[in-house]
Amino acid sequence: MTTTVSDPSIALPGKGVHVLGEPGEWTKPSVPFTSRIVYAAAHVVPRVTADNTPGALADIDWDATLAYRRELWSYGLGVADAMDTAQRGMGLDWAATAELIRRSGAEAKRVGGLLACGAGTDQLDLGASPSLSEVLDAYREQVSVVTDAGANVIIMASRALAQVASSPEDYLSVYSTLLNEVDSPVILHWLGTMFDPALEGYWGSVDIDAATATFLQLITEHADKVDGVKVSLLDANHEIALRRALPDGVRLYTGDDFNYPELIIGDEQGHSDALLGIFAGIYPAASTALQELDRGNSERAEEILRSTQELGRHIFAAPTYYYKTGIAFLSWLNGKQSGFSMVGGLASGRSVEHLTELFVLADRAGLLLDPALAVHRMGLFLELNGVTS
């Protein structure tokens with residue numbers, strides 16, 4: 001299936017022989033970004049011999065997992081850790097999450113990397129119907145772990161709170177208490193049901209306008225304790241309207257993995273910063289675009305980001321919560337992990353057809369960084385799945 005290193009090609013199911021192009025001319029920054037604050041939400045790499053079956057406790061390859069974070073930092077991006085990209089609620093248990101936060105915190109301190117970590121309530125047993133006070137205490141425990149690790153706090157959406165809250169006032173009570181208690185401003189994370197169906201009705205309503213009103217009330221009343229908000233609703237118009245309604249000094253970190261180019265570039269009334277799962281896959285291009293943006297070349301920055309958009313939309317296609325499989329597959333194709341495996345067996349979350357299209361789109365975007373290696377590994381994947389040329 002492979003040819004020479006100078007002209008790697010591979011026979012792909014339904015596509016014939018695909019000849020790979022050259023990687024993009026990506027660069028690493030020499031100074032920190034100035035025009036945007038950007039986090040890439042990183043995934044975790046399990047040990048190759050771990051029991052990665054559904055329901056098994058996560059068994060992490062810490063060397064590979066931390067190496068991936070160093071790679072992101074080397075391109076100037078901040079790392080958002082212990083988020084849904086790292087399989088929170090989809091295989092990564094709280095004990096492993098807490099260890100991830102501690103190790104990432106130590107590594108960020110060692111290399112001088114920007115780090116924010118998710119604090120949620122996933123140590124709770126939802127079958128036991130936790131109370132509001134138990135949800136609050138669970139949040140407190142996780143906020144403490146993140147703070148002790150030296151990371152910025154991201155208050156994640158809580159399945160437990162969505163289950164037990166009966167009104168917008170319940171959300172305001174829990175979040176207001178947390179915000180009154182934190183020492184430094186935090187990032188609030190609003191995750192849509194396309195990422196986690198268990199979060200339906202978050203902020204006390206299934207009506208998006210009513211939920212947004214509650215969200216804005218919370219932020220307005222505690223603006224001094226909110227660094228920014230991460231919104232993952234995949235609705236660019238809603239994000240822009242929310243961004244314009246935020247109090248001065250509160251950032252909008254886009255979580256829109258479909259529409260990020262236009263949201264990051266912005267308009268005459270402002271722009272979004274970013275906290276994106278897709279940036280863990282396209283980080284060389286994202287970094288190069290941000291360098292162009294810092295130089296005032298917004299047209300070139302937007303051109304680079306848009307060149308990755310088709311890949312991003314494919315990786316995050318419905319069912320969106322399986323996007324993590326694509327991030328790990330791209331990591332494996334690029335040699336950042338020795339095996340295509342994920343905790344909880346999530347490597348089976350996407351089809352051969354889906355991952356074949358991902359391979360093609362990543363190549364078109366210049367994001368297969370070692371084409372010969374990518375061809376070799378894609379060939380192994382296809383052979384393992386019974387696809388022969």
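**Exercise 1.** Decide whether Tyr-171 is buried or exposed in this predicted model.

Solution. Buried means under 20% relative accessible area, exposed over 50%, and partly exposed in between (1.4 Å probe, protein chains only). The value for Tyr-171 is 2%, so this residue is buried. Tyr-202, at 3%, is buried as well.

The model is predicted: local features need pLDDT of at least 70, side-chain atom pairs count only at pLDDT 80 or more, and totals for chains, interfaces and linings use all residues. Residues are numbered from 1 along each chain as its sequence is written, and side-chain values use heavy atoms, with hydrogens and water left out.

**Exercise 2.** Classify the aromatic pair of Tyr-171 and Tyr-202, and state which parts of the chain the pair links.

Solution. Rings of Phe, Tyr and Trp (its six-membered ring) pair if their centres lie within 6.5 Å; planes under 30 degrees apart count as stacked, over 60 as edge-to-face and the rest as tilted. The structure holds 21 such aromatic pairs. For Tyr-171 and Tyr-202 the centres are 4.8 Å apart and the planes make 70°, which is edge-to-face. Tyr-171 sits in helix H5 (residues 168-181), and Tyr-202 in the loop between strand E7 (186-191) and helix H6 (208-221). Helices (H or I, at least four residues) and strands (E, at least two) are DSSP runs, numbered from the N terminus. The two residues are 31 apart, and their pair links distant parts of the chain.
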